[in-house]
Every structure is written in structure tokens, then in C-alpha cells.
Amino acid sequence: MGNAAENLTHTPDDSAGPILEARGISKSFGHVEALRGADFSARAGEVTALIGDNGAGKSTLVKILSGVYKANAGEIFIRGRKVSFDSPAAAHAAGIETVYQDLSVAQDLSPAANMFMGREKLLPGLLGRLGFLDNAAMRRESLLAFQRLKVSLKDMDTPVASLSGGQRQSVAICRSIMWARSVVFMDEPTAALGVVQTGRTLDLIRRIRDTGIAVVLISHNMRDVIQVADVIEVLRLGRRIARMPNKGVTVQDLVGAMTGALDAETEEGATP
Amino acid sequence: MTGTTTVPPAELATLAPPSLGRRLRGALTSSPAYMSGILLLLVLFFTFMRPDTFASAFNLRNIFLDASVLLVIAIGMTYVMIAGGFDLSVGSVLVFSGVAAAKAMEAVGRDGIGTVAIGTGVALVTGLAWGLFNGFCVARLRVSALITTLGSMGAALGMAYLVTDGNDIRTVPNTLIAIGTGNIGGIPSLVLISALFTVIGMIILHLTRYGRHTFLIGSNPEASRRAGINTAGHLMSLYALSGLLAGAAAMLSLGRFSTTTLEGHGTDPLEAVTAVVLGGTSLYGGRGTVIGTVIGVFIPAVLANGFIIMGVQPFWQMVVIGFVVIGAVYADQIKRQTQDR
């Protein structure tokens, strides 16, 4: 955590160590082996795309790296220091945030209440010690976070349910950015969006990368990946099978890597 | 409409908090506002029809007294339902705690404030214990709230019958009866106690982190868990709170009726749910207010009282409230559908 400031000015170059690295991650659900020694790494100031076919283990890997699941085997390093997460809160404490595909927002509450979900700001003094919320400060800080990422919400004082889909997603993304100090995972951020909103979200992802955070993009949409990623990691059958810089890569290359030119008929969850 | 960057500046949210006018508009379009309108119309109607009887101090006092015990239970129900839960056991827990308290006070024997304090302690502890049991089953064992509290509704009442052989205990200390039927500054002490619970309930629900987590868990339990909120622990504490308040209501009931009223609380949980729903708390969790529940308690109370005074069969109240509840839930669903585009 001590070198967070250093990372803000970090420019991507190959000699810098990864901010997040995972080695040999394995995870089984009963008889289903979702991950079989998967590796992963992400660097600050880069967008790392994590791609793979259905059942390749993408979401399992992300859930392990964000503290939702515990791995059966493997090691996770943040800035070279070994860590272990037994809860999402532990991952949060290490500066890792996730934008979930379902957005993980409470529709009935205001944008500010969502931004500070589980990390509510309390009033100073005795009232704060009694658990009283500082709603004004949370609203102010939320709005500043939106403005920093050039996200304009039409209404700060309405339930998130009454915002548009794109704006709801902006709330979820800005929340992660406000708290992330190391890595932001984005699980299919454009899956539910139209063309215009997708463009805006990709812009937002670039702006986040430029703040010096490592962005990990999980996507099925190869065009999005090629547009925004700096590095692409490919998962297949629970293992990383490729890590390539996004230079002259085509959709065909990625699809070929994902499906596996050699053993194309292997199924989800098959044991070796 | 959907723009994140193309909204004209005039429409943008600003650093300034929402204006008073905006807040007022927000408050006036909420369910509690509609329902307090209905309550006001009811009160005006009955006052107009029977000015001498309905609006008399004696009658208003009765309405408030009738509402006060139910209100305490309904506050706990509000918390549980905002978190997406349900508590059918409150009426039986009230009876159980009342019996336990009455037995304890009987055992102490002497009359006096100390005896009442011991009884209150027993009522609160037994109510809390039932609440913790419910909470443990729902939050830790993941038995559905409906089944858990249906089960403890039967079990608590059965135990109360076992302890009393089915006969009400009528040896309530005079001190407690004096409190239950007494006044402070002209206002019945039961009403004051119940009002105190209401105000504390409002403050905790709407101004503190505990209340905020209650809303978050009801609105999106998975997101709350991911955000690091101890959802199981919080849910358990909410059922415990509901049980605790049922224990408190038991003492109010003992003080008012001087008996354990074994048969008197079978419909309490349903009346509490009715009040909570009438007050605009969503059945799906995530939305609700304590003030709404207060209004939701008073609408049936006023209706029943008004009908009696006007010579209409009071059973009509049950009919009317039944349909009004269905209407209220329908309105909530419509509201959600138009919002969740």
C-alpha cells in the first residue's frame, strides 16, 4: 500500500512487475474442476482482458481474486507480496474492487448510499460513534467521484432503480474506482448495453486505466477487447493458455485461442 | 434520458443538497403521504358524522391505547420486512413473554416497582431468546422465514399453554396495572411508551448505519454480502429485535389488561404485517418507513372505531382493510415496474 502514489504516475512498461499476480490457482466444485492451476497477472495502468469460452473458468478466477471464493490451491500476490483473501472485505482491504455483471447495486437506495455500501461514512464525534451516518459527506464525495470520471448523473437523490441502465452501471463502476487502489475487475461490463453506451463504457475504462489502476476486463465481446485492452490473457479449461499484447491481434486469433485449435470438442467441466 | 455525458448542465445533479421544495415533493409522492391522506380523510369523515362521540377525548384516547401495543410489534416487523424477512411469531412470543413475566412476578410475590422491573427483564429476555432462535434458523440454517416463524408461532403459544394449563394468569402486580392504565401529563403512559419506541425506531432505521444496512440487505442481499456487510449476523439481529419488541409489548399488554390474554394475540402478526404494508413498506424489502407503519396501524384502528361509533358492524373493518391491503401491494408492484425499466 505504501507505493500507491508511485503507481499513480506509473507508465506501462514490460520491466515493471505485475500489481496482481496469481499462480497455479485450482478450484473444484464437487467433481467439477473449474480451475486447474490457472495463472494470471495484471499491471498498473494497463487494461488486461481476460477471455475464454463459457466454462473456461473466468468468473471462478475473478471470484477467487476478489475474495468471493477461496481457492483449493495456488498463490496470489499483490505488488509481490503474498496475500490470501477469505472474504470480499479482505480483497477490498488490498485495494481490489469488482464491477459485477449484475452491477451489485441496491436499486432501492440512492447513488450515494450505493457508493458507500458497506463502507458508510459516519458523523464525527459522539454521534458517529453511535453509528449515525454522514449522508451529506457521502453525497458530496460520491458526486466528486462521478465528476472525476466525467459521469453526469441526472439525479443524486433518487433510488438507483429510476436511473437508466447506463447510469446504473456508471454508479457501479464509479464505486469501484472510488475504492480501488490496485485492481478493478469488470465482469462483462458491456453485455447489457447498447452501442452508444458501450462506447461510453469503453471510454470510462480507458480513463480508469489512465489513473494508474490495473483494469481487468472480462468480456465475451472480442471487438470490445481489441478496442480497449493492452494485454489479453486467454483461459481454456481452467488454465491460462496465452498471454499476448494487443498488437495486430484479430478476432479470429482470439476465437482460435479460446476454443483451442487442437482439442475443440472438449466440454465444460470435463476431467482430463 | 440515458446520457452519461449529454445531459444539459441545468439538469445535472449538483453539489448542493436537494432543495426543500424537492424534498417536499419527494415526501408528498411517497406511500406514507398517500396513506396519511387517507387516514386524515377517515378522521375527518368520522368527526363530521359523529362529532360528539368520535372526536371526544375519551374516544381518541381509546384509539391510541388500542394501537399502542400493536405499534410496538409493528415497528419490529417494519425492520424485518425492510430486510426482506417476515415474522409471524410476534403474537405468540408476546403471549409467551407475558406468561413468563407474570410467572416470574408471581414468584417474587411482593408488589412494587422492583417486581415490575424483574417481570420486564424476563419479558425482554424471553422475547429476545425467541427472536434469536428465529434469527438463527433463518439466517444461519437458512430455513425460510415464513416456515421458521410459523413454527415458532405454534411452539411459543403451545409452551405458554403448557405453563399455564391454558388458563390466563391474572396475578399481575398492581404497580404494573397502575403504570399500564395511568397517565403522564394527561396522556396514557402506554401511548407515551409506545411513542418512545416509535421515535427510537425511526432514528435508528433512518439515520444510522444499522438502519442503512437493513435497507441494503433487503434491497440486494448478495450485493450487501459482497460489500462486506455481515448479512447473516444482521438478519439475525433483526429477528432478535422483533422478538425483543414483542417482549416489550407483552409488558404493555399485561399492564393494560391485567391478564396474560392467551387468546388475544392470534391475529397480531397479521395485523402488524397489514400495518407495515399499508404504510408503504415493500414486501420485497429495501423500502419502508417507521412513520408509514404508524399510519398503517392507525388506519384500521380508526376504521374499526369509527364503524362501531356509527353503528356499522365492526366486521366491515376487516373486509375493508383486507381489500385495501391487496390494493396497497398492487400499487407497490406497479410503482416498482415503472421504475425498473
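At what angle do helix 3 of chain B and helix 12 of chain B pack, and how far apart are their axes? This is a predicted model, and here the two helices pack at about 65° with their axes 9 Å apart. Both helices turn up again in the lining of the second largest pocket, and a cavity lined by residues of chains A and B gets its own group below.

**Helix packing in chain B**
- The crossing of helix 3 and helix 12 of chain B is right-handed.
- On the helix 3 side, the contact is made by B:Leu70, B:Ile73, B:Ala74, B:Met77, B:Thr78 and B:Met81.
- Helix 12 brings B:Asp268, B:Pro269, B:Glu271, B:Ala272, B:Val273, B:Val276 and B:Val277 to that contact.
- Sorted by class, the contact has 10 nonpolar, one polar and two charged residues.

**Second largest pocket**
- Its volume comes to about 820 Å³.
- There are 30 lining residues, and the closest to the pocket centre are B:Asp66, B:Leu70, B:Thr267, B:Glu271 and B:Gln317.
- B:Leu70 and B:Glu271 also belong to the helix 3–helix 12 contact.
- Helices 3, 11, 12, 13 and 14 of chain B each give two or more residues to the lining, with helix 13 supplying the largest share, eight residues.
- By class, you get 17 nonpolar, nine polar and four charged residues.

**The cavity**
- The count is one cavity of 30 Å³ or more, and the largest cavity has a volume of about 120 Å³.
- Chain A residues in its lining include A:His92, A:Tyr100 and A:Arg175, while chain B gives B:Ala223, B:Arg226 and B:Ala227.
- Strand 6 (96-99) and helix 7 (165-179) of chain A, plus helix 10 (221-226) of chain B, each give two or more lining residues.
- The lining splits into four nonpolar, four polar and four charged residues.

Notes
Residues are numbered from 1 along each chain as its sequence is written. Chains are lettered from A and ligands numbered from 1 in the order in which they are written. This is a predicted model: local features need pLDDT of at least 70, side-chain atom pairs count only at pLDDT 80 or more; totals for chains, interfaces and linings use all residues. Side-chain values use heavy atoms; hydrogens and water are left out. On a 1 Å grid over the protein atoms alone, a cavity is a set of points where a 1.4 Å probe fits but cannot get out, and a pocket is an open set with protein on both sides within 12 Å along at least five of seven lines; lining residues have an atom within 4 Å of a point. Grid points are joined across faces, edges and corners, and a volume is the space filled by probe spheres set on the points. Helices (H or I, at least four residues) and strands (E, at least two) are DSSP runs, numbered from the N terminus. Ala, Val, Leu, Ile, Met, Phe, Trp, Tyr, Cys and Pro count as nonpolar, Asp, Glu, Lys and Arg as charged, and the others, Gly among them, as polar. Axes are lines fitted to C-alpha atoms, for helices over the stretch in contact, and angles run from 0 to 180 degrees between N-to-C directions. A crossing is left-handed if the near helix is turned anticlockwise from the far one by less than a right angle, and right-handed if clockwise. Contact means heavy atoms within 4.5 Å.
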